[in-house]
Amino acid sequence: MVVATTTGEEVKQKVIEFLKKKDTGALATSGADTRVSPVKYFLGEDLDIYIHSDGGSKFDNLRQNKDVCLLVSTEFYGDYKTIKGVQVFGQAEIAKSDSSLYQEAEKYCPFNHMSGEGYIIKITADRAVYKNSVDGNGEKNIWKA
């Protein structure tokens with residue numbers, strides 16, 4: 001497998017285009033315990049990612065450790081050579097429904113997902129790994145902010 005490290009806009013654009021085609025992923029957090037939570041996400045400006053949530057133990061982790069990873073991929077058909085995906089690493093910020101960050105997120109999250117009480121998790125990406133094994137070469141491209 002070839003690993004190419006770049007800070008280029010080309011890899012960043014591939015990551016953004018892939019994330020635009022999907023809306024669900026797995027959010028990994030680590031604190032008192034380590035968890036992976038299924039989430040629905042919304043892409044904001046650049047590589048800012050917003051996740052609406054009603055709560056859960058991932059917030060206990062986020063209060064201790066802001067480092068997160070969001071994995072978004074195509075379906076896996078039992079052959080690692082046929083998967084395409086993105087891992088976005090960054091820092092998470094938590095906001096309650098009465099905050100300005102929550103209002104900022106309303107621009108990207110449809111209203112029906114923003115109604116009622118809840119929280120917003122905003123991920124500010126600092127690097128991403130883009131893997132495209134569908135084309136057969138298995139190359140990983142790494143973007144760094």
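**Exercise 1. Find which residues have the most contacts inside the largest nonpolar core, and which elements build that core.**

Solution. Start with the core itself: it has 27 residues, and Leu19 and Ile49 have the most contacts inside it. A nonpolar core here is a set of buried Ala, Val, Leu, Ile, Met, Phe, Trp, Tyr and Cys residues joined through side-chain atoms within 4.5 Å. Buried means under 20% relative accessible area, exposed over 50%, and partly exposed in between (1.4 Å probe, protein chains only).

Next, the elements. Two or more residues each come from helix H1 (9-21), E3, strand E4 (48-53), helix H2 (58-64), strand E5 (67-73), strand E6 (84-96) and strand E7 (119-132). Helices (H or I, at least four residues) and strands (E, at least two) are DSSP runs, numbered from the N terminus. E7 hands over the largest share, six residues. Apart from this core lies another one of eight residues, including Tyr50, Ala95, Cys109 and Ile120.

Before going on, a word on what you're looking at: this is a predicted model, where local features need pLDDT of at least 70 and side-chain atom pairs count only at pLDDT 80 or more, while totals for chains, interfaces and linings use all residues. Residues are numbered from 1 along each chain as its sequence is written, and side-chain values use heavy atoms, with hydrogens and water left out.

**Exercise 2. List what Ile49 touches, leaving out residues up to four places away in sequence.**

Solution. Contact means heavy atoms within 4.5 Å. On that basis, Ile49 touches Leu19, Tyr41, Phe42, Leu43, Leu70, Val88, Ile121, Lys122 and Ile123.

**Exercise 3. Work out where Ser37 sits, and whether it is buried or exposed.**

Solution. Then check the area: with a relative accessible area of 4%, Ser37 is buried. Last, look at its partners: beyond four places in sequence, Ser37 touches Gly25, Ala26, Leu27 and Lys58.

**Exercise 4. Describe the lining of the largest pocket.**

Solution. Begin with the residues: Leu71, Ser73, Ile83, Lys84, Gly85, Val86, Gln87, Val129, Lys131 and Lys140 line the pocket. (On a 1 Å grid over the protein atoms alone, a pocket is an open set of points where a 1.4 Å probe fits, with protein on both sides within 12 Å along at least five of seven lines; lining residues have an atom within 4 Å of a point.) Now sort them by element: E5, E6 and E7 each supply at least two, and E6 gives the most, with four.
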